[in-house]
Amino acid sequence: MITFANIDKWYGAYRALTTINAEITKGEVVVVCGPSGSGKSTLIRTVNRLEGIQGGQILFEGHDIHGTDANVNRLRSRIGFVFQSFNLFPHLSVLDNVILSPTKVKGIKGSAAKKQAMELLDRVGMTHKAGAYPGQLSGGQQQRVAIARALAMEPPVMLFDEPTSALDPEMVGEVLSVMRGLAKEGMTMMCVTHEMNFAREVADTIWFMDAGQILEKATPEVFFSQPAHPRAQRFISDLRSH
């Protein structure tokens with residue numbers, strides 16, 4: 001579904017991504033991990049053009065995402081994105097946050113949009129907060145609403161950019177359980193996260209990044225027991241020592 005071919009990304013003189021080549025297939029859950037500053041978030045943000053690239057090609061369902069003729073709005077409506085900092089609209093209720101895109105972009109009418117939104121809120125355990133505003137919710141609740149909002153466009157792919165890193169430890173589990181449910185249902189997912197237990201349980205493939213490169217691609221079993229790259233070995237060793 002997503003192909004990265006020779007991706008290069010620069011910030012001025014700083015090379016943030018170096019010759020990235022990778023693929024995500026339909027129904028696959030890819031977890032991108034690595035030390036801070038390794039290029040993980042930059043990479044995931046290139047998929048829906050929140051970040052530009054200076055070299056290479058990213059294909060989504062066969063279409064060149066960064067091509068001059070790419071329809072960015074249509075592209076983004078097909079790729080769900082869950083941010084680190086929730087990014088809910090503070091002046092809209094939970095229900096209205098979820099309804100907004102289907103009504104404005106897809107033209108779904110009021111009662112049908114509301115029915116779909118309530119089903120999605122039920123899926124993430126948030127129907128009881130449909131009338132509340134983001135400021136009245138905990139961080140974990142806001143992130144669950146953000147996932148429901150992304151799912152409202154019925155995207156074939158979901159991207160998660162460190163979805164639990166802004167949460168208090170006790171709220172992390174409630175968000176990860178929603179993500180586990182999506183993975184079980186066969187959703188294609190790309191997740192940047194530091195939650196290694198989640199990676200071990202849910203990922204089909206782990207990409208380990210450092211210094212703007214994917215140094216290792218492996219199943220969780222191999223990555224956590226026998227990583228091949230010396231930098232990945234050090235990463236796992238540091239995890240174990242903590």
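This is a predicted model: local features need pLDDT of at least 70, side-chain atom pairs count only at pLDDT 80 or more; totals for chains, interfaces and linings use all residues.
Leaving aside its neighbours within four places in sequence, which residues is M158 in contact with?

In it, M158 is in contact with G80, V82, I147, A150, L151, L182, M187, T188, M189 and M190, leaving aside neighbours within four places in sequence.

M158 belongs to the largest nonpolar core, which has 53 residues. Within this core, L121, I147, M158, F160, M179, M189 and F223 touch the most other members. Helix 6, spanning residues 169–184, gives the most to the core: eight residues.

In soluble globular proteins, nonpolar side chains tend to be buried together.

Strand 1 covers residues 2–11. Seven bridges join strand 1 to strand 2. In this pairing, I2 stands opposite I24 of strand 2.

## Cysteines without a bond

How many disulfides does the structure hold? It holds zero. A disulfide is a covalent bond between the sulfur atoms of two cysteines. C33 is in no disulfide, and its nearest cysteine sulfur is that of C191, 11 Å away. A disulfide needs the two sulfur atoms within 2.5 Å, so the sulfur of C191 is too far from that of C33 for a bond.

Are these two cysteines buried or exposed? C33 is buried, with a relative accessible area of 0%. C191 is also buried, at 0% relative accessibility.

Notes. Residues are numbered from 1 along each chain as its sequence is written. Side-chain values use heavy atoms; hydrogens and water are left out. Two strands pair if DSSP finds at least two bridges between them. Helices (H or I, at least four residues) and strands (E, at least two) are DSSP runs, numbered from the N terminus. Buried means under 20% relative accessible area, exposed over 50%, partly exposed in between (1.4 Å probe, protein chains only). A nonpolar core is a set of buried Ala, Val, Leu, Ile, Met, Phe, Trp, Tyr and Cys residues joined through side-chain atoms within 4.5 Å. Contact means heavy atoms within 4.5 Å.
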